Amino acid sequence: MEKLITGIHRFRSQYWGEQKGLYQRLAEHGQFPEALFITCCDSRVVPTLITHGQPGDLFIYRNIGNFVPPYTENVLDGTGVAAAVEYAVVHLHVRDIVVCGHSDCGAMKALHKDRSHFADTPHLAEWLRNGERTLEVVSANYPGMSGEKKFAVTSQENVLVQMENLRTYPVVQEAARKGRLHVHAWFFEIGTGTVFRYSPDVGQYEPISNGEG
Ligand SMILES: [Zn+2]
């Protein structure tokens with residue numbers, strides 16, 4: 001905790017002085033983020049940092065495994081993700097939605113483990129059921145793959161499944177139909193700092209930059 005408190009002192013004494021005007025404008029006019037950024041809770045994935053952004057740029061929603069459960073008409077079964085998608089699209093008028101997975105994702109590794117492994121964490125076990133479709137895709141398309149390669153492929157395929165799910169949301173369909181919303185599948189490779197985007201034309205992920213500038 002001491003590190004966090006020291007960090008707040010540094011934020012106030014250094015960053016705040018330089019960015020005061022930005023914060024005052026954001027406080028006065030509200031937020032107008034360009035994109036909804038859906039990613040994993042993993043501490044190594046820092047959306048504003050990897051996009052070299054500023055406060056106010058991204059409306060960020062995080063959950064373990066960056067899952068977007070398919071749309072349900074029963075609002076009682078709705079999730080925080082659904083609320084964030086609706087708010088971002090209908091009220092904030094974001095132009096883009098990015099779903100960003102990442103390498104070495106604990107959730108993606110957990111999908112391949114036996115359910116009994118999560119007996120002491122029932123909420124986590126239940127939440128990971130959102131990855132069942134991803135597991136099906138991986139076992140159907142990458143039979144025999146193992147180890148780190150399998151985990152990386154699981155993360156990447158998982159993002160594509162969440163993209164499909166995102167497209168089941170009426171507000172997403174409507175905004176996309178009007179041409180004012182685009183959805184993007186990204187993957188962040190922690191060890192190289194490389195961000196990949198999925199190219200539907202090519203059918204694979206391609207680096208947005210090579211991580212060296
Ligand atoms: Zn993760």
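**Sheet and hairpins in a predicted model**

In this predicted model, four residues separate β5 from β6 in a hairpin, and Gly203 in its turn has a positive phi of about 75°.

User: How many bridges join β5 and β6, and in what sense do they pair?

Analyst: Strand β5 covers residues 194-199. Its pairing with β6 is antiparallel, and the number of bridges is four.

User: Which residue of β6 stands opposite Tyr198?

Analyst: Two facing positions can be named for these strands. Phe196 stands opposite Pro207 in β6. For Tyr198, the residue opposite in β6 is Tyr205.

User: Which residue in β5 is the bridge partner of Phe187?

Analyst: β4 and β5 run antiparallel and are joined by four bridges. Phe196, which stands opposite Pro207 in β6, is also the residue to look at here. The bridge partner of Phe187 in β5 is Phe196.

User: Which residue takes a positive phi in the hairpin of β4 and β5?

Analyst: This hairpin has four residues between its strands. The phi in question is near 70°, and the residue is Gly193.

User: What is the strand order of the open sheet?

Analyst: Strands of a sheet pair through backbone hydrogen bonds, either parallel or antiparallel. Here the pairing is mixed across six strands. The order is β2-β1-β3-β4-β5-β6.

User: Which are the edge strands?

Analyst: An edge strand pairs on one side only. Along the sheet, the twist averages 30° from one strand to the next. The edge strands are β2 (58-62) and β6 (204-207).

User: At about what angle to β3 does helix α7 run?

Analyst: Helix α7 spans residues 147-166 and lies across β3 (96-102), β4 (182-189), β5 and β6. Relative to β3, the helix runs at about 155°.

User: What share of the contacts with a separation of 6 or more comes from residues 24 or more positions apart?

Analyst: The C-alpha atoms fill a box of roughly 55 × 45 × 40 Å along the principal axes, and buried residues make up 26% of the 213 residues. Among contacts with a separation of 6 or more, residues 24 or more positions apart account for 64%.

Terms used. Residues are numbered from 1 along each chain as its sequence is written. This is a predicted model: local features need pLDDT of at least 70, side-chain atom pairs count only at pLDDT 80 or more; totals for chains, interfaces and linings use all residues. A residue is buried if 20 or more other C-beta atoms lie within 10 Å of its own, exposed if 12 or fewer, and partly exposed in between; C-beta atoms are placed from the backbone. Two residues are in contact if their C-beta atoms, placed from the backbone, lie within 7 Å. Two strands pair if DSSP finds at least two bridges between them. Axes are lines fitted to C-alpha atoms, for helices over the stretch in contact, and angles run from 0 to 180 degrees between N-to-C directions.
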